[in-house]
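Thanks, everyone. I'll keep this brief and talk about packing. Here is the chain.

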Amino acid sequence: MPTEPVRLHALLAGFALAGDPDRAAITPLGGGLINDSFAVRLDERRYVLQRINARVFPDPARVIANQAALAAVWDAPGLDIPAPLPTRDGGFALHDDSGACWRLTRFIAPSRSLARLDHPAQARAVGEALGRFHRTLARHAPLPLQTALPGFHDTPAYLAGLRRLDTPTARHDPTLAESLDFVAQRAPLAATLATARAEGRIGEHVVHGDPKLDNLLFSTDATRVVALIDLDTVQPGLIHHDLGDCLRSCCNRAGEGGASARFDLALAAAILGGYAAATDGLLDAEERALIPQALRLVPFELGIRFLTDHLQGDRYFRVRRHGDNLRKARVQFALVADLERQTDEIETLVERCFAEATSVA
């Protein structure tokens, strides 16, 4: 993997930038689980240089092409997305000598990320931003998007993969056995959205694919969402997965790194209220009725993926030590259990939030 400074500067020279790339300051950026990212400062301009992980994305250039297609139609004032910058040959994807695929985007500033939401006003801003994302792209449908990540959010397939790893040897570890039992007891949940899509009860939209709190940038005073970033998984899909992932990430007060999980209904109400107001009837009654189930499904699916990666030796998600994926899986399963305890309240909450948005409109 070409991460040495001299090779990174050579890569930077392949993009159509003003200034001498050899003078750029390049430093590692963030702690992403998939791609390798670098902050670039060239004169007074700032960029993000990323290597797309080909072990995760079978065609990295397709990821970048989708991002460029979104940027070409994006017209949501005040809400930014990172557009790929052109290479010197007129494309957007740059391949190095090893065949690895790189992209360059503008660093969105001024902005800041939040480790957690501190009050409902921030949560409403999150819901409004995700709603504007879905509504904006729905207005421009159909878009020339390709499937960037085949099988993404195919929960029945993830479950089938985990079942193949559920062996007597794996169950020698009591913690693993407990997690595997948790999944087995809730196996019917896995097909909830897949069945609804197959029956035509819900339809596809352009989705972000990973709208967790880390991928939302706020204004410096933390009152507004100014950008949605990490567009690698943008492709046709189900809005329910986006909503479920956003709520899962933003409403767990204990955080994804905690030892427990607690779903905050007040934050969820603010997110759903903002989303419903921004989407203006994008979802019909059938689609809205499936939101509570989607909310349980998404952390269930993510827990299955973490658990599978643990059993396969940490091939997919980047971890610091073996065992991290098992710990993360248990946090997601704890969140599922907490959501189950609040099922009635969540169903009432979803119904109320969309009804209030309709009455205001």
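**Helix H3 and the cores**

Start with helix H3. Its buried residues are Gln122, Ala123, Ala125, Val126, Gly127, Ala129, Leu130, Gly131, Phe133, His134, Thr136 and Leu137. Bear in mind that this is a predicted model. What do those buried residues pack against? Helices H2, H7 and H8, plus strands E6, E7 and E8. H3 covers residues 120-139, 20 residues in total. At 1.5 Å a residue it should span 28 Å, and its end C-alpha atoms are 28 Å apart, so the two agree.

Now the cores. The largest nonpolar core has 55 residues. Leu70, Leu117, Val126, Val225, Phe263 and Ile271 touch the most other members. Helix H8, residues 265-279, contributes the most, with eight residues. A second, separate core holds 39 residues, including Ile34, Cys101, Ile304 and Ala329.

Back to Val225. Beyond its sequence neighbours within four places, its contacts include Val126, Ala125 and Ala129. Leu216, Leu217 and Phe218 are also among them.

Next, aromatics. There are six aromatic pairs. Take Trp74 and Phe133: centres 5.8 Å apart, planes at 45 degrees, so the pair is tilted. Trp74 lies in the loop between H2 and strand E4, Phe133 in H3, 59 residues apart. Trp74 is buried at 16% relative accessible area. Phe133 is buried at 0%.

Another tilted pair is Phe300 and Phe333, 6.5 Å centre to centre, with 50 degrees between planes. Phe300 is in helix H10, Phe333 in helix H11. Both are buried. With Phe182 they form one aromatic cluster. Over the ring of Phe182 sits the charged end of Arg186, 3.6 Å from the ring centre.

Technical notes: Residues numbered from 1 in each chain as written. Predicted model: local features only at pLDDT ≥ 70, side-chain atom pairs only at ≥ 80, totals over all residues. Heavy atoms only, no water. Core = buried A, V, L, I, M, F, W, Y, C linked by side-chain atoms within 4.5 Å. Buried < 20%, exposed > 50% of the residue type's maximum accessible area, 1.4 Å probe, protein only. Helix = DSSP H or I, 4+ residues; strand = E, 2+ residues; numbered from the N terminus. Contact = heavy atoms within 4.5 Å. Expected span 1.5 Å × (residues − 1). Phe/Tyr/Trp six-rings, centres within 6.5 Å; stacked < 30°, edge-to-face > 60°. Lys NZ or Arg CZ within 6 Å of the ring centre and 35° of its normal.
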